[in-house]
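Look over the sequence and the model, then read on.

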Amino acid sequence: MDDRKLEDMLSHLKAPEPSKDAQNQALERAMAAFDEKMSKTTQANPETKRLTGIENILIHVRRKLMQKRFVISGTTGAVATCALIAVLGTPFFYSQVSQLVVDDARIDAASLKLEGASSLFTDDASPQASVDKDLRQRLEEQNAIAAERAAQAGASAMPLAIEGSPSADAAAPKKSDDIRGRLEAQKMQSAERAEPQGLAAMPMGADNTAGATMQVAPMMSMDAAAPKAKEESKVMREIAPMSERVARKPSAPLTPAPASNVMPGFVAPTEADMAVVSPVQPPVDVIQHQYQDVGRDQFQAFEENSVKAVQAEPVSTFSIDVDTSSYSFVRRALNSGVLPQKNAIRIEEMVNYFDYNYAVPEAGGDPFLPTVAVYDSPWRSGNKLIHIGVKGYEVQTKPKSNLVFLLDTSGSMHSQDKLPLLVNSFKMLLDTLSADDTVSIVTYAGSSGVALAPTKASDKQKIFSVLDNLQASGSTAGAEGIRQAYQLAEQNFVKDGNNRIILATDGDFNVGITNQDELKGFVERKRKEGIFLSVLGFGQGNYNDHMMQTLAQNGNGTAAYIDSLNEARKVLVDEASSMLFTIAKDVKLQVEFNPQTVQEYRLVGYETRALNREDFNNDKVDAGDIGAGHTVTAIYEITPVGAPPLVDDLRYQKPAAKAEPKPEADLVKTAEGGDEYAFLKIRYKKPDSDTSTLMTRPITKADEKPFASLSDDIRFANAVASFAQMLKGSKFVPADYDAVIETANQARGKDEFGYRTEFVNLVRLAKTAAGLQPLR
Amino acid sequence: MQQDDHTLVRNAQAGDRQAFAMLVERHYGLMFKVAWQWCGNRDDAQDIAQESAVKLAQNIRSFGFDAAFTTWLYRIVINAAKDFYKAKNRHGSREMPLFDDVEYISAAPDPEKQLADKDVLRAVAELPETLRETVVLVCWHGMSHREAGEVLDCPEGTISWRISEARKKIAAAMDLKQKGKRHG
């Protein structure tokens, strides 16, 4: 039988029509089953059935009580429960308990694996008489408070009752008649050994125990009951099913309990009341502290930049950073209600996540132009912020690309947000490629191998079929994969083209070179050959950000973190040209501050990108690369002369500049009217060049503008920087989330893709998540 | 306005009878069809479909919206069918009338072709349970191996293997029939 024949034949066969009768009958029976199912469980939706922590504890306590068999009759159970309430008696707890009582009477006990517990609990209901008057008064008060709260909430509340379920309450007198005789006998037998108080609490609650303190009673009865446990539990077993039956009996008349048993002001709930389940507290689940429980995410630890005195250190040097991974990771954490760990926050990456519309030069000249603005700092009065923005030009003619996809297919990539997301992401990327670009795929798990020899991007079917057949398993020979990928990229090297390895991984390398320094040395050597590296991070819980950063920073690359298909689209489609086409490499910034006008400065972010002063002119020192259309923003907070400084002047070392002003500074003063804050220098290399070009620009008082008059982009960047520093727990920025929300909302601009709106929502999330301990 | 399955399920989970009734009415045909393809006779198929509808009611709360509703429904029907025959076989009768009403379901015009179709159906019906359910889903309902894997809760590769195994078995059964005819 050949392949198609069976299908053809079968698909031509029509099933007979089912008879209408059968259909109706099925529907009828299904509806009956549906009604039964729905009546069995509470009206509440499945979420509210999840037990809260407190309910769990109570259930646990009750189960333990049952196992220890010291509960002779329901009375003890009631006493124990009441004692618990008395001890922990807050209105909140009580409402939880009453909810549970109601649930117990209604929910099928078996479904909660509470065999026997429900009968215990319905037993609980009857013996109000034994309840201490003190306790009753307290319950009453709580009842009133709870009712008031419920009234405020505008929902109909179940009156809180010691009785729990009214049906159980109604059944109590009957039941007590039935079993009293047996219990009396039992009591006689154990009379000598039992403590009077404990015993008094045991029989059905009709006979009041004078002055039996609630806290003591269960303890006593436990001791007293222990020797008799076996016999008593036998009685218990006999009683349990019966009492359950009675309690469940729907037709049990709602006879009002004897006057003495009713709390003043308490009205027995009617059936109608029961139908309305009391307002359910939102489940107070313990929030999963992901980094504590499963988190092996690794981030490089670093301290926030501190304030530098211009006298002591007038020059600040750093490499640009166009990565965005920090923002995506932070977003992911906040979206799950947890504050990200502090080391995950690289302020510059969060700021640079957004696309800013800075001025762009004509293609052919310099690859970018600096945009500068000076405005009053919202973080500390008297201070000013210097905003330096850079945007690379968009490439017009895309060079031919030779891309090697280096895909991690190790076991750690198994989850949905890793390999499957990766495959979909790369399929998206393929759409942005030109037909004659070449693509090859190297995969690595326990060992590495070439999954796809260099193939034209136009042959999508072939590439797709390789991507579709990827399976995650095994260990991670990451270094070996990188080696092979570089080899493949070298073999197909396109001169004057874009030779790039795109590595997708969670960074969990565990076979071969796993030492980051060694790996760093390897990629450092390779980058000289003109092969760029882009690193895409996936997954969380075992995400090695440090490894990714090491690779990207040392391998002429950029890093992005893909937490969702949307992010994949942003990085690989909308911003594909930024990722794929480097327009300038080793971009370094150096800012020299003018001691005449500036006392102190602080660079916001770029902690992991700091360079030495002498590195700026040294072309051998590697720095960040900038892609087509990439934007980079740096913000300095400065304390101008005249404003209160954080760093005091030195007593014993007279500042050189003040004692004898530098001739250059004088020059500046005469030439520019002394209004230069700082001097900005940028060095960069063309992608194929080894020597750098210098751009310079003074930052003067002419750049100063009121905050409100600045472009949306600059104001928004400011909001992001504020937020990032708050998340990081900065010492220099007050945690005022509302101000951030306001600024960001006003500066949202066109926001075509909704990223800025999303940011505002993240700030809101952080506002509520902020109460939690930052996780480590 | 036509509500989609997930909306109906959501409403039904919240206790909406009307939504649940609509679900059952909409999908009864599918349940019956799968049941019939699985067991090959109409009476049993109706019983299985009914049982599936009841199971649907009982388990509606556990649908997690992580797959298509029909995928989940297929699983319910197939499990119901298995349970049905387990119970039935316990009561003795092992024989089940297989595709006896095939005459009026075969689209083939000439009687000889109809007979051949019937033979194939019998071969399908005689397959072991796991192979049969796979054939029903993949060859008859045109599911991809991946989808079938989701329904039957096994890897895609297993489905592929089962299909090739089933083909071999059906082919062997047909060969035997052919030989039998030639000699007879």
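Which residue in β9(A) does A:L503 stand opposite? The residue is A:V535.

This is a predicted model, in which local features need pLDDT of at least 70, side-chain atom pairs count only at pLDDT 80 or more, and totals for chains, interfaces and linings use all residues. Residues are numbered from 1 along each chain as its sequence is written, while chains are lettered from A and ligands numbered from 1 in the order in which they are written.

**Sheet in chain A.** Strands here are DSSP E runs of at least two residues, and helices are H or I runs of at least four, numbered from the N terminus. Two strands pair if DSSP finds at least two bridges between them. Six strands of chain A form an open sheet with mixed pairing, in the order β7-β6-β5-β8-β9-β10. The edge strands, each pairing on one side only, are β7 and β10. Strand-to-strand twist averages 15°. β8 and β9 of chain A run parallel, joined by six bridges.

| Strand (chain A) | Residues |
|---|---|
| β7 | 448-456 |
| β8 | 498-505 |
| β9 | 532-538 |
| β10 | 557-562 |

Helix α21 (residues 545-554) of chain A lies across β8, β9 and β10. The helix runs at about 165° to β9(A). Axes are lines fitted to C-alpha atoms, for helices over the stretch in contact, with angles from 0 to 180 degrees between N-to-C directions.

**Contact of chains A and B.** Chain B gives 36 residues and chain A 28. Contact means C-beta atoms, placed from the backbone, within 7 Å. On the side of chain B that touches chain A, α2(B) gives the most, with ten residues.

Methods
Contact = placed C-beta atoms within 7 Å.
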